[in-house]
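Student: I'd like to go through this model with you and ask where the labels come from.
Tutor: Happy to, let's have a look.

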Amino acid sequence: MKNDDNKIIITVTGIDKVGIVSAVSACLAEHSVNIEDIKQTIMQDNFVMIMLCDIKKIKVSFKEFKENLLELAKKLKMEIWVQKKELFDKMHTI
Amino acid sequence: MSYFNQQHIIETIKMIKIHHLDIRTVTLSLSLRDCCSTSCKKTGAKIYDKIIKYAKNLVSFAQETENEYSIPIVNKRIALSPISFIGESCDNTDYVYLAKKIDEAGQEVGVDFIGGFSALVDKGFTKGDLKFFEQIPDALAQTKKLCSSVNLGTSKAGINMDAVLKTADIIKQCAILTKDFDSIACAKFVCFCNAVTDNPFMAGAFCAVNEAECALNIGVSGPGVISSAIENLDKNADLGEVSNLIKKMAFKITTAGELIGRRLAQKLNIPFGIIDLSLAPAPNKGDSVAEIFQAMGLEYAGAHGTTLALAMLNDAVKKGGTMASSYVGGLSGAFIPVSEDLGMIEAVNKNSLTIDKLEAMTSVCSVGLDMIAIPGDTPNSAIAGIIADEMAIGMINKKTTAVRIIPVIGKKEGEFAQFGGLLGTAPIMKINKYSSESFVNRGGRVPAPIHSLNN
């Protein structure tokens, strides 16, 4: 369970366009964040990508990493949520 | 390999983004029992130092935690031991001085509110309590973040009617001293019957004498999450299904609160205390307990059937919440503050919700008459009568009840008081015009009720 602290969920939503996955993945690679799983769908004309990542080897603080991703979100005109995975595990399982 | 469920993630983000799921408060409960001394200055300094020592990281660590989970923590607060106890050993205690020191410490650590300017007088007054009572209005009028509470009755001891009368005077004094700001000091003062010892919510949070040195207590919110879930339920779903749905949503809200609370407690290196299951509204669209009643099928809060709707909501929240956390405490239920809930305000404006209906609702909700504005010229005896009625409901039904009422000086029925922030806007409500003076002025102690022959 200790490991779970390093697992995060990144949710990217917005209007579909070329280069979203590439830009987000590049940013994650820059921070040494490993992508473990990606799921992608279109919901009500919106692009939705959910990534499961591991931040064990991250080089900066969680705060700084998140700020950088949110900065990227602005550039891409997408919405990005970065949250510890533990939240979803707790909320939706008994 | 970790697993994740897309639907769960999207549902959670919707709850936060659209339905205002948030942690209403993280409240550091802090004992001041080691701060007593014979000198008021020394006691003040000890209290100040202790608050700084324990709470200096509360706000920054709370911000860090909310960032990790992207769930807002709306308020950071501190609950202290009742100051009436801590100040009593001083020679010539200046409680206003202590209040200012506490407020100063609260400003220094950056919390939103600091509670515990409190006294427990359900069975009677000590000399210190009497002095403390006299100084509450000045203390509240001269501070910003300080909150005060008094316990006037319990199911075991009965009701201290003399204290009820004094409390009505305090409320009026508070109103007069802050008349230029719609009598806002009254919003920082609450009186209880059966006050709870680990409440994280203001104005009534204090660290009771039986509590640990320090602990982190959490209050969750999320009425919008419940109302939207009910709205999406089949319109023909029966009340059993509605109740079941509320339980499920309460479970989710509570686990989020517990997770964040435990995480923050760990960072602060203090024990996790309790999670309070209360559904606390905020004056924003979609963050209202009244909207839950509307989703259930009532046209406005206050319509016949509202008491049942509230009873069911309260019970289901407790059932779902207790499944989600090992340590549930505080007030735990649904709050029905008028000024802090847009749906309640609308119901008052539509003449659907009256003070009498609110009183009935308090017999099944978690607290009581909360954030109710009344005309500024209401006689003190009427205020005492309102408090007495509410205390009676708590005493007989063995539950916590409270009164936080604001006689808005210079305003009358139909006008509005503006408090701002979480405290919102209060329509001035109509009260009964007939006198309770001779009754309440009898004073004395109402004997404790019999606890058998329950009918």
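Student: In which helix of chain A is A:Glu30 found?
Tutor: A:Glu30 belongs to helix α1 (residues 20-30) of chain A; helices are DSSP runs of H or I of at least four residues and strands are E runs of at least two, numbered from the N terminus. Keep in mind that this is a predicted model, where local features need pLDDT of at least 70, side-chain atom pairs count only at pLDDT 80 or more, and totals for chains, interfaces and linings use all residues. Residues are numbered from 1 along each chain as its sequence is written, while chains are lettered from A and ligands numbered from 1 in the order in which they are written.

Student: Why is A:Glu30 called exposed?
Tutor: A residue is exposed if 12 or fewer other C-beta atoms, placed from the backbone, lie within 10 Å of its own, buried if 20 or more do, and partly exposed in between. A:Glu30 has 12 other C-beta atoms within 10 Å, so A:Glu30 is exposed.

Student: What makes chain B as compact as a globular protein of that length?
Tutor: Chain B has 15 helices and 14 strands. Its radius of gyration, taken over C-alpha atoms, is 21 Å, close to the 23 Å that the globule rule gives for 455 residues, so chain B is as compact as a globular protein of that length. That rule is 2.2 Å times the number of residues to the power 0.38.

Student: How many residues of chain B are in contact with chain A?
Tutor: 17 residues of chain B are in contact with 22 residues of chain A, contact being C-beta atoms, placed from the backbone, within 7 Å. On the chain B side, α1(B) gives the largest share, 5 residues.

Technical notes:
Two residues are in contact if their C-beta atoms, placed from the backbone, lie within 7 Å.
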